[in-house]
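Here is a short tour of one model, written with the viewer open beside it.

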Amino acid sequence: MIQAHTGGTGSAALTLSGVSLAYGEGARRRAILHDLSFDVEAGEFLCLVGPSGCGKTTLLRLLAGLVRPDAGSIRVDDAPVEGPSRDRAIVFQDYSRALLPWRTVAGNVALGLEGPGARLPGALREQRVAELLETMSLSHVARHYPAQLSGGMQQRVQIARCLAQSPRLLLLDEPFGALDALVRQSLQDELARLAKVEGKTVVFITHDLEEAIYLGDRVIVLAANPGRIAAEVQVDIPRPRHQLETREDARFLALRHQLFGLLAGH
Ligand SMILES: Nc1ncnc2c1ncn2[C@@H]1O[C@H](COP(=O)(O)OP(=O)(O)OP(=O)(O)O)[C@@H](O)[C@H]1O
Ligand SMILES: [Mg+2]
């Protein structure tokens, strides 16, 4: 297994060791994740791929602190994860349910600046929201409501809201799965750029091998029943990447070949 890391800073932002989780009671109890151990470096963009039902969303919920493991430990910046934190923002696949329909676009983004632990004084919040809307090309729809937006725009609102939280760790669960190919590609590029500019540590889940290679500094492949690490590959393709050139690069094609074989189980 390849252990070298690129793209990060060399220090672990996230460490999982021996993490296992089972669901159900008594005879119905079933191992969902088994003995997962890996590190994510500060500033690294890690992609996780695996078959449906292998436990990807469950793993993300563990990282977010929404679920506790039965065994093993999860540490962020060397402190144990004991519950949700503003430092770890989740972007859900289903953007239509992730936004508050009665709040405007600006109001939804401002949610990331509200609540317990909010760091920014009130007067600066409006400015921060305006900056994020600008970054995500949403300024022109600031006063619109989510139902008035396209899917790609709604997903950008969700990402802007997560960035408003100023998280150290960005957790994304198949965020572009429901979008058409062109919108998906432009959001991939925006996310990749933002993650590097803002120095975010990213854990990105996808079904799509090509998306994982295109975005990742590293790709971890999960196997199912129970969910466990099947393989890990380093993506040594320089950034910024380009939708056409990168996908035609011999290194990209070789990784695609390798990962396809791993996912298919041979
Ligand atoms: N709260 C729960 N209680 C019982 N079983 C659960 C619960 N949440 C998930 N599971 C089971 O855990 C397994 C992993 O689910 P999970 O949603 O993590 O998979 P996934 O890899 O994200 O799948 P997909 O690619 O389809 O989104 C599935 O078999 C699912 O039925
Ligand atoms: Mg899932």
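## Starting at Thr 58

Leaving out residues up to four places away in sequence, Thr 58 touches Leu 21, Tyr 23, Ile 32 and Leu 33, where contact means heavy atoms within 4.5 Å. Thr 58 sits in helix H1; helices (H or I, at least four residues) and strands (E, at least two) are DSSP runs, numbered from the N terminus. With a relative accessible area of 13%, Thr 58 is buried. Here buried means under 20% relative accessible area, exposed over 50%, and partly exposed in between (1.4 Å probe, protein chains only).

A word on bookkeeping: this is a predicted model, so local features need pLDDT of at least 70 and side-chain atom pairs count only at pLDDT 80 or more, while totals for chains, interfaces and linings use all residues. Residues are numbered from 1 along each chain as its sequence is written, chains are lettered from A and ligands numbered from 1 in the order in which they are written, and side-chain values use heavy atoms, with hydrogens and water left out.

## Around ligand 1

Thr 58 also turns up in the ligand shell: 13 residues surround ligand 1, and the closest are Arg 30, Ser 52, Gly 53, Lys 56 and Thr 58. Being near the ligand takes a heavy atom within 4 Å of it. Which elements give two or more residues to this shell? They are E2 and helix H1 (56–64), and H1 supplies the largest share, 3 residues.

By type, the shell splits into 4 nonpolar, 6 polar and 3 charged residues.

Now for the oxygens of ligand 1. A polar side-chain atom of Lys 56 lies 2.6 Å from one oxygen atom of ligand 1, a backbone N or O atom of Gly 53 lies 2.8 Å from an oxygen atom of the ligand, and a side-chain N or O atom of Thr 57 is 2.9 Å from an oxygen atom of ligand 1. On its own, ligand 1 has 640 Å² of accessible area, and the protein covers 60% of that (Shrake-Rupley method with a 1.4 Å probe; for residues, only the protein chains shown count as cover).

## Salt bridges

How many salt bridges does the structure hold? The count is 16, taking a salt bridge as a side-chain nitrogen of Lys or Arg within 4 Å of a carboxyl oxygen of Asp or Glu. In one of them, the side chains of Arg 218 and Glu 44 meet at 2.7 Å, N to O. That pair ties together distant parts of the chain, 174 residues apart: Arg 218 is in strand E9 (residues 218–223), and Glu 44 is in the loop between strand E2 (30–41) and strand E3 (45–49). Both Arg 218 and Glu 44 are buried, and a network of salt bridges links Glu 44, Arg 218 and Glu 232.

Lys 196 pairs with Asp 217, the closest N and O atoms being 2.8 Å apart. Lys 196 belongs to helix H6 (residues 181–197), whereas Asp 217 is in the loop between helix H7 (209–215) and E9. Lys 196 is partly exposed at 30%, but Asp 217 is buried at 3%. Then there's Glu 210 with Arg 247, at 3.4 Å between the closest N and O atoms. Glu 210 is in helix H7 and Arg 247 in helix H8 (residues 245–248), 37 residues apart. Glu 210 is partly exposed at 26%, and Arg 247 is buried at 18%.

Most residues other than glycine have a negative phi, and most peptide bonds are trans. With that in mind, a cis peptide bond joins Asn 225 and Pro 226, with omega about -10 degrees, and Pro 226 is in the loop between E9 and strand E10 (228–234). The bond from Arg 239 to Pro 240 is cis too, omega near -5 degrees, with Pro 240 in the loop between E10 and H8.

Asp 77 isn't a glycine, yet has a positive phi of about 45 degrees. Asp 77 is in the loop between strand E4 (71–76) and strand E5 (79–80), partly exposed at 33% relative accessibility. Glu 174 likewise has a positive phi of about 45 degrees without being a glycine; its loop runs between strand E7 (169–173) and H6, and Glu 174 counts as buried at 11%.

Note on methods. A polar contact is a pair of N or O atoms within 3.5 Å; within protein, one must be able to donate a hydrogen and the other to accept it, and residues adjacent in sequence count only if both atoms are side-chain atoms. Ala, Val, Leu, Ile, Met, Phe, Trp, Tyr, Cys and Pro count as nonpolar, Asp, Glu, Lys and Arg as charged, and the others, Gly among them, as polar.
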